[in-house]
Amino acid sequence: MSTVYGCMKTDGLILIIREASRTVHRFTSFRRAMLQRFQRYVVTLIRMIRITIMNTRTEQAIHPLLKQMNRKRFFEGLSACLDAAFEYNTLFEQEKAVHDYMVLNSAYDYESYQNGTVPEVSHTAEGIFVYKTAVCDGYAGAFKLCMDILGIPCETITGTAGGIGHAWNAVMLDDEWYMVDVTWDDPVPDTPGQVLYGYFNITDEKMKQDHTYTSDITADGTKYYYLGMQENYFTDAEIDDYYAYISEKASETSGNVTITAMVESTDQEIDSEWLGTFTDSGRLEISYRELSLSVQWSGHIATFTWTLKR
């Protein structure tokens, strides 16, 4: 669907920006300074274009026109997010930068959701870029808008999660699809400085552990599964490797140390018995005077933080 804003169709303008961005990536021999200069030009172009906001929840594609007073704030918010992305050269890094920026600079509109008073704006990208708060389709719409401008194929997926209606995204990198749920990677209540990655670039198999949906897209990419790229990531079948990693990192210093490791539950919900498997200090092959352990989990990923005092 396209809409006319002034005398310009927004779909066509986004396509122009997207093609311009793709052109940059074709000329990899450009010096970084030249690349950043061009991308700043793209951001300036975005600020000048009067595009409307996508409403992914209703799949009507275009949100009603922004009020005059909010246009400047909207494009400032959008441009700040894209500025964060344009600090990087690869599409994967730019995708991650958008994901992280949205989580770090927005909060889920939990209070309105609990009270059943979610305003319309929280269902749109305007909620993210102007008011810094939204619900799932606001997150999904803002993420898709940024991906469209960056030239990363992206679709909005709708279904249910936790028994209620929900929206998230699918992205394509190197001809493979991945699922991304920025909403569920944003801690509730809001935790400044914390970004979760349990739903960033995951497969259908992982997503369908707690999301229900049907889609023509098959998300089976693994190359850009972010958690799998980290040295401190393990599945629950890698218990010995997990404890060996904690012990190895602790032995690298004779002083106090804090070590963080992530474990994915592959075939069951995380419960106290499952957590107990990964909190057994008796399996550590190191000596210490005092130990503390904290655990956080979201969906199928648990994060264990070990602090050892010598």
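1. Start at Phe 143. Leaving out residues up to four places away in sequence, Phe 143 touches Glu 95, Val 98, His 99, Met 102, Cys 154, Asn 169, Val 171, Val 180 and Val 182. Contact means heavy atoms within 4.5 Å.

2. A word on the source. This is a predicted model, where local features need pLDDT of at least 70, side-chain atom pairs count only at pLDDT 80 or more, and totals for chains, interfaces and linings use all residues. Numbering runs from 1 along each chain as its sequence is written, and side-chain values use heavy atoms, with hydrogens and water left out.

3. The largest nonpolar core has 56 residues. Phe 143 is among those with the most contacts inside it, as are Leu 78, Val 98, Met 102, Phe 129, Met 147 and Met 179. A nonpolar core is a set of buried (under 20% relative accessible area, 1.4 Å probe, protein chains only) Ala, Val, Leu, Ile, Met, Phe, Trp, Tyr and Cys residues joined through side-chain atoms within 4.5 Å.

4. Elements giving two or more residues to this core include helix H3 (68–85), helix H4 (91–105), helix H7 (136–150) and strand E6 (164–173). H7 gives the most, eight residues. Helices (H or I, at least four residues) and strands (E, at least two) are DSSP runs, numbered from the N terminus.

5. A second, separate core has 20 residues, including Tyr 242, Tyr 245, Ala 302 and Leu 308.

6. Now the lining of the largest pocket. E6 gives the largest share, four residues. By class, the lining has 15 nonpolar (Ala, Val, Leu, Ile, Met, Phe, Trp, Tyr, Cys and Pro), three charged (Asp, Glu, Lys and Arg) and eleven polar residues (the others, Gly among them).

Definitions and conventions. Buried < 20%, exposed > 50% of the residue type's maximum accessible area, 1.4 Å probe, protein only.
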